[in-house]
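Subject: Structure for your files

Hello,

Here is the structure I said I would pass on. My notes on what I found follow below it.

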Amino acid sequence: MYPFFFRTVLSRLDAEFAHHCGMLVVRLVGIRPFAWIARPLTRPANRLQTRALGLVFDSPFGVAAGFDKNVVGVPGLTALGFGHVEVGTVTAVPQEGNPKPRLFRLIPDRALVNRMGFNNRGAAAAAARLARMRRRRRHRALIGVNIGKSRVVDVADATADYVRSATLLAPLADYLAVNVSSPNTPGLRGLQAVQTLRPRCRRCRMPRAGPRCW
Ligand SMILES: Cc1cc2nc3c(=O)[nH]c(=O)nc-3n(C[C@H](O)[C@H](O)[C@H](O)COP(=O)(O)O)c2cc1C
């Protein structure tokens with residue numbers, strides 16, 4: 001069904017607009033009673049349970065960062081049977097991302113070119129949503145939080161910027177991912193050097209409440 005739907009509908013839409021349509025459906029699926037209907041149909045088989053990073057995942061299939069940048073789709077994605085959702089990338093300072101268009105389909109290659117540039121509503125907004133979700137316990141999937149450097153912050157001040165996000169988000173996450181790989185934030189990949197990365201990761205680790213930090 002999906003290839004047909006992609007050929008006839010999705011491939012004709014602007015890629016970012018298609019993403020928003022998809023996210024709308026995901027959000028609807030997360031609403032009771034749709035979630036109650038979907039969950040038994042998509043619940044992962046027990047044999048799919050997977051241990052990694054000291055955590056137990058209901059399924060090895062999860063949603064990578066970049067799909068749910070603003071923590072709005074976790075209940076729906078859980079209802080669809082994913083074992084984890086990595087939300088973000090979230091930055092300490094809310095930002096618009098790159099000017100549109102910034103997402104391009106390469107249909108013959110079955111690929112996308114992504115130049116989103118960490119568009120997101122910021123760490124404080126993400127923390128508020130995560131805290132609300134944790135209180136309501138409306139999901140079973142593990143939640144990873146992926147944090148990145150705010151564009152307005154100088155590379156020299158990157159560590160403090162990451163720590164700002166980690167302080168807000170790590171206590172609410174099952175694991176934290178420190179993103180130093182996006183080509184869309186100037187200077188970010190320069191932060192990959194192990195000598196500077198190790199102390200940065202160490203500073204992001206929360207001593208008691210927080211998750212493992214990789
Ligand atoms: C539109 C788009 C946006 C993405 N945004 C992020 C992001 O914000 N943070 C991140 O760490 N990875 C981001 N990614 C990378 C994905 O998390 C993933 O690593 C990548 O898509 C490769 O996995 P795949 O082969 O399953 O697509 C993005 C990917 C795409 C296509």
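Leu 53 sits in the loop between β1 (50-52) and β2 (55-57). Its phi is near 55°, which is a positive value in a residue other than glycine. Leu 53 counts as partly exposed because it has 15 C-beta neighbours inside 10 Å. Please keep in mind that this is a predicted model.

Arg 110 also has a positive phi, of about 50°, although it is not a glycine. Arg 110 belongs to the loop between β5 and β6 (111-114). With 8 other C-beta atoms within 10 Å, Arg 110 is exposed.

Two cis peptide bonds come next. One runs from Arg 32 to Pro 33, with omega near 5°, and Pro 33 is in the loop between α2 and α3 (34-42). Another runs from Lys 100 to Pro 101, with omega near -5°; Pro 101 lies in the loop between β4 and β5 (103-106).

On to the helix packing. Helix α6 (residues 158-169) packs with helix α7 (residues 194-204) at an angle of about 30°, and their axes are 9 Å apart. Angles under 35 degrees count as roughly parallel, and α6 and α7 are therefore roughly parallel to each other. The crossing in which α6 passes α7 is right-handed. On the α6 side, the residues that meet α7 are Thr 159, Tyr 162, Val 163 and Ala 166. On the α7 side they are Arg 200, Arg 203 and Cys 204. Sorted by class, this contact of α6 with α7 has four nonpolar, one polar and two charged residues.

Last, the core. The largest nonpolar core has 39 residues, and those with the most contacts inside it are Ile 143, Leu 169 and Leu 176. Helices and strands both contribute: the elements that give two or more residues to this core are α2 (15-29), α4 (74-79), β4 (84-91), α5 (123-136), β7 (142-148), α6 and β8 (175-178). Which of them gives the most to this core? That is α6, with five residues.

Regards

Technical notes:
Residues numbered from 1 in each chain as written. Predicted model: local features only at pLDDT ≥ 70, side-chain atom pairs only at ≥ 80, totals over all residues. Axes fitted to C-alpha atoms, helices over the stretch in contact; angles between N-to-C directions. Helix = DSSP H or I, 4+ residues; strand = E, 2+ residues; numbered from the N terminus. Parallel < 35°, antiparallel > 145°, perpendicular 65-115°, else oblique. Left-handed = near helix turned anticlockwise from the far one by under 90°. Contact = placed C-beta atoms within 7 Å. Nonpolar A, V, L, I, M, F, W, Y, C, P; charged D, E, K, R; others polar. Core = buried A, V, L, I, M, F, W, Y, C linked by C-beta atoms within 7 Å. Buried ≥ 20, exposed ≤ 12 C-beta atoms within 10 Å, placed from the backbone.
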